[in-house]
Number of protein chains: 2
Amino acid sequence: MTRKNTEQLHLGAFIVAGPGRPGGWRHPQSEDGWLTPDYYRRIAQTLEQGCFDLAFFPDILAVPNRFGGSHESQLRYGALGSLRLEPTQVLATMAAATNHLGLAATKSTSYYEPFDIARGFATLDHLSGGRAAWNIVTSFQDAEARNFSREQHIPREKRYDRADEFLEVTHKLWDSWADDALVADRAEPLFADPDKVNPILHKGEWFTVDGPLNVPRPPQGYPVLIQAGASDRGRDFAARWADVVFVTHYSLESAVAFAREMKARAAAHGRDPRHLKILPGITPLVGETQAIVEEKRKLLSGLIDPVAGLTTLSYHLDVDLSVYPLDEPLPHLKVPGVTGHYDEMREASDKAGLTLAEAGRMYANRYEGDFIGTPDVIADKMQEWFEAGACDGFMVMAAWQPGAFEEFVRLVVPELQRRKLFRTEYEGKTLRDHLGLPRPERGAWEGKSARLEAAE
Amino acid sequence: MTRKNTEQLHLGAFIVAGPGRPGGWRHPQSEDGWLTPDYYRRIAQTLEQGCFDLAFFPDILAVPNRFGGSHESQLRYGALGSLRLEPTQVLATMAAATNHLGLAATKSTSYYEPFDIARGFATLDHLSGGRAAWNIVTSFQDAEARNFSREQHIPREKRYDRADEFLEVTHKLWDSWADDALVADRAEPLFADPDKVNPILHKGEWFTVDGPLNVPRPPQGYPVLIQAGASDRGRDFAARWADVVFVTHYSLESAVAFAREMKARAAAHGRDPRHLKILPGITPLVGETQAIVEEKRKLLSGLIDPVAGLTTLSYHLDVDLSVYPLDEPLPHLKVPGVTGHYDEMREASDKAGLTLAEAGRMYANRYEGDFIGTPDVIADKMQEWFEAGACDGFMVMAAWQPGAFEEFVRLVVPELQRRKLFRTEYEGKTLRDHLGLPRPERGAWEGKSARLEAAE
């Protein structure tokens with residue numbers, strides 16, 4: 001395959017501040033350093049050697065108990081959410097060990113206050129010299145609500161109203177210092193120019209925030225914003241606010257359809273669609289030969305108990321799968337938001353004649369989009385998706401940490417570089433530079449909020 | 001002076017994640033690196049060379065506008081709170097650059113949720129190998145309330161009720177994993193033992209939190225707890241919960257009286273009074289000769305506008321001093337909590353015939369307890385306070401950053417070491433080791449809460 005254009009793709013690494021994929025921690029090459037800075041420093045340096053755009057940390061504010069209403073399977077199998085360090089501290093550790101790698105943390109608009117979040121990401125952006133990104137989630141699990149003194153979750157539509165207002169406030173706070181407000185003139189003296197640091201006096205439905213922020217405007221203007229909303233309102237939210245959309249697809253067709261839709265949505269909101277970067281998550285499984293790949297796959301599959309996979313799937317679907325028989329086909333479910341994905345998966349399972357237990361094992365060992373094979377096979381597929389307009393790059397997930405990132409950097413990245421699909425060195429300093437996104441001026445957020453639009 | 005016992009004192013460094021003392025940023029030896037990791041890394045390494053117990057970051061959740069209801073003087077003079085990075089990220093940066101130094105951040109029980117705080121400090125304690133400390137504040141400024149969607153502050157008594165319950169919840173969460181719950185047995189497989197990770201199912205007046213935490217029990221059991229309450233309820237709270245009390249005194253007599261009272265309060269709560277460490281804040285001004293010290297003092301004094309000092313004093317008193325004439329003596333004020341300190345200061349000002357403007361300049365350049373002079377003079381005074389039972393050590397504040405810390409480590413620490421008043425190397429690994437505090441077992445917090453006691 002030859003290159004059709006000179007655009008290059010973007011790579012993020014989806015890292016868990018804990019044991020990673022269920023079973024992945026059992027891999028002979030995995031490491032137990034989840035609680036140590038060295039573990040994260042090493043991953044960061046590996047990714048920077050591989051010229052990755054960014055490291056990305058998902059988050060969960062609870063040990064999930066969606067499967068059977070108990071934490072047991074989560075803990076026993078080290079399944080999703082069993083252990084998660086607070087991500088911004090992990091990123092500060094990574095920032096100190098790298099010079100270019102972008103640094104993304106997930107924070108929920110449902111359980112934090114905008115002053116705190118605006119300040120946290122402004123701090124990370126300064127400490128990293130302009131490499132911070134915020135993955136905005138609205139949260140959906142009752143287990144999280146019950147850790148944050150809420151009887152129940154805010155309903156979906158309301159969550160996005162709150163998120164819209166949350167983003168209005170964080171943007172006002174990031175804008176509360178002009179770019180040149182910090183003067184530090186010792187002779188005058190003038191530390192900061194009072195005329196260039198302004199209260200925001202926000203008074204809305206959810207938040208009352210006077211401001212100004214106590215941190216100067218971030219080097220990137222605003223941190224890079226990432227979103228993964230799947231519902232209609234979620235997609236609209238991403239098309240308005242996000243710089244990067246993180247998504248999961250099991251086929252090229254659905255990926256292309258989604259990317260087209262999102263770019264069109266962005267354009268409809270008056271944005272340059274090239275400034276909305278679509279990064280589907282993939283879990284590559286790479287080996288020097290196809291035979292090695294098959295053996296690796298067998299090894300990983302054997303490390304997973306079906307229940308570990310169903311525990312994770314229960315969380316993602318927000319449905320208790322423990323009530324369905326393990327030896328029957330997947331149940332028909334109406335799952336808001338992720339319905340399309342679940343239906344895709346169920347149809348594929350039925351076609352393959354899988355039981356729920358087998359589907360659980362497969363889910364825990366899933367390789368979204370089947371990026372499996374030797375480096376040239378994986379690079380072919382990445383190129384195919386990229387050139388078909390399915391994406392602007394990929395969010396690389398690791399079947400086990402940190403080894404799968406190291407293998408990807410050693411085997412796949414050089415092949416992408418050979419094809420001039422991926423950078424061989426960083427050209428800019430900030431994450432916006434890496435992503436080819438302009439630095440937003442003060443006030444650039446205005447007109448993005450659906451909540452404000454509806455109120456007009 | 002010779003040593004009367006073999007006890008050694010403890011040293012903390014009070015560091016501002018911003019420009020520090022008003023005017024300090026104008027010092028020729030100060031640095032502008034407040035927004036860079038190198039600035040904090042260097043301070044951390046200096047303190048670790050000096051065998052300090054811990055680095056301590058105060059915090060403010062607003063740019064204060066108590067003086068004249070405006071941010072102007074705060075920003076213009078770089079006065080207290082004009083710029084403050086989020087402290088746990090700064091500490092994560094410091095943790096990665098050091099091996100022994102304790103790491104303390106301030107977080108308010110009024111504006112955060114206990115799950116978030118318990119998780120943040122558990123993360124810091126793991127990432128630093130057992131060096132985390134939490135300075136617990138209940139917050140008192142309306143400017144902070146107005147950044148966190150509250151019309152007004154919670155009243156003082158209510159704030160401490162909330163703080164009591166907040167600490168009940170964080171301790172339950174830190175205890176939600178047994179020390180040996182994380183097994184990571186790959187063969188079994190058993191990631192964490194479900195029988196040793198327990199929900200907390202807390203349901204109180206302020207918080208409903210199911211738990212468990214998604215981070216294993218901190219290496220120190222609980223992070224070291226620091227408190228600085230001045231009111232009666234604040235002192236009671238510290239005597240119940242705190243490992244370290246941070247306090248300010250202008251005379252040896254008041255320091256001794258306070259320390260005696262606090263140790264007695266701790267004993268009355270059934271605690272070993274030696275496990276409540278009292279660290280008064282001091283701002284040493286040291287020089288090779290007395291003449292150099294005097295010149296340094298003149299230099300620093302000349303860098304301060306009186307309004308910069310009054311801005312800081314207004315914040316500390318929570319009283320708008322802009323309404324009083326600058327050329328008259330200090331007004332008589334009834335200031336809850338800090339009344340004693342203010343009265344002390346006013347009497348001293350009146351005796352010296354100072355105007356409010358002059359007192360403002362002095363306040364900005366204050367040297368609590370007058371730890372001013374050549375290294376042996378300062379060491380004499382520290383020894384005097386220590387041996388008189390005024391304290392278990394000191395929280396060293398810097399007239400300018402980072403130079404004042406470097407001078408203290410170069411000039412004063414060796415003198416303290418020569419007298420065997422201070423360690424020449426770290427003996428343990430954790431902050432509890434440095435402070436001589438036992439590691440608390442699971443459940444060790446029980447019986448500490450005044451709120452629970454009142455409910456019985």
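Me: Where is P212(B) found in chain B?

Reply: P212(B) sits in the loop between β8 (208-209) and β9 (224-227) of chain B, where strands (E, at least two residues) and helices (H or I, at least four residues) are DSSP runs numbered from the N terminus. The model is predicted, so that local features need pLDDT of at least 70 and side-chain atom pairs count only at pLDDT 80 or more, while totals for chains, interfaces and linings use all residues. Residues are numbered from 1 along each chain as its sequence is written, chains are lettered from A and ligands numbered from 1 in the order in which they are written, and side-chain values use heavy atoms, with hydrogens and water left out.

Me: What kind of peptide bond joins G211(B) and P212(B)?

Reply: The bond is cis, with omega about -5 degrees. Another cis bond runs from E188(B) to P189(B), with omega near -10 degrees. P189(B) belongs to the loop between β5 (182-185) and β6 (190-192) of chain B. Most peptide bonds are trans.

Me: What is stated about phi of A184(B)?

Reply: Phi of A184(B) is near 55 degrees, a positive value in a residue other than glycine. This residue is found in strand β5 of chain B. Most residues other than glycine have a negative phi.

Me: Why are α1(B) and α14(B) called roughly parallel?

Reply: Helix α1 (residues 37-49) and helix α14 (residues 403-418) of chain B pack at an angle of about 15 degrees, with their axes 9 Å apart. Axes are lines fitted to C-alpha atoms, for helices over the stretch in contact, and angles run from 0 to 180 degrees between N-to-C directions. Angles under 35 degrees count as roughly parallel, over 145 as roughly antiparallel, 65 to 115 as roughly perpendicular and the rest as oblique. The pair α1(B) and α14(B) is therefore roughly parallel. R42(B), I43(B), T46(B) and L47(B) of α1(B) make the contact with F405(B), E406(B) and V409(B) of α14(B), contact meaning heavy atoms within 4.5 Å.

Me: What makes α7(B) oblique to α8(B)?

Reply: The axes of helix α7 (residues 232-241) and helix α8 (residues 252-268) of chain B come within 8 Å and cross at roughly 55 degrees. That angle makes α7(B) oblique to α8(B). The residues of their contact divide into five nonpolar, no polar and five charged. Here Ala, Val, Leu, Ile, Met, Phe, Trp, Tyr, Cys and Pro count as nonpolar, Asp, Glu, Lys and Arg as charged, and the others, Gly among them, as polar.

Me: Why are α13(A) and α14(A) described as oblique?

Reply: In chain A, the axes of helix α13 (residues 375-387) and helix α14 (residues 403-418) come within 9 Å and cross at roughly 55 degrees. The two helices are therefore oblique to each other. P375(A), D376(A), I378(A), A379(A) and M382(A) in α13(A) meet F408(A), L411(A), V412(A), E415(A) and L416(A) in α14(A). The residues of this contact divide into eight nonpolar, no polar and two charged.

Me: What kind of axis relates chain B to chain A?

Reply: Chain B can be laid on chain A with an RMSD of 0.0 Å by a turn of 180 degrees and a shift of 0.0 Å along the axis. That is the relation of a two-fold axis. The copies are superposed by least squares on the C-alpha atoms of residues with pLDDT of at least 70 in both.

Me: How do you know that the copies meet through the same surface?

Reply: Of the interface residues of chain B, 100% are also interface residues in chain A, so the copies meet through the same surface. In this interface 78 residues of chain B are in contact with 78 residues of chain A. The area buried between the chains is about 6600 Å², of which carbon and sulfur atoms give 58%. Buried area is the accessible area (1.4 Å probe) that two parts lose on being put together, summed over both.
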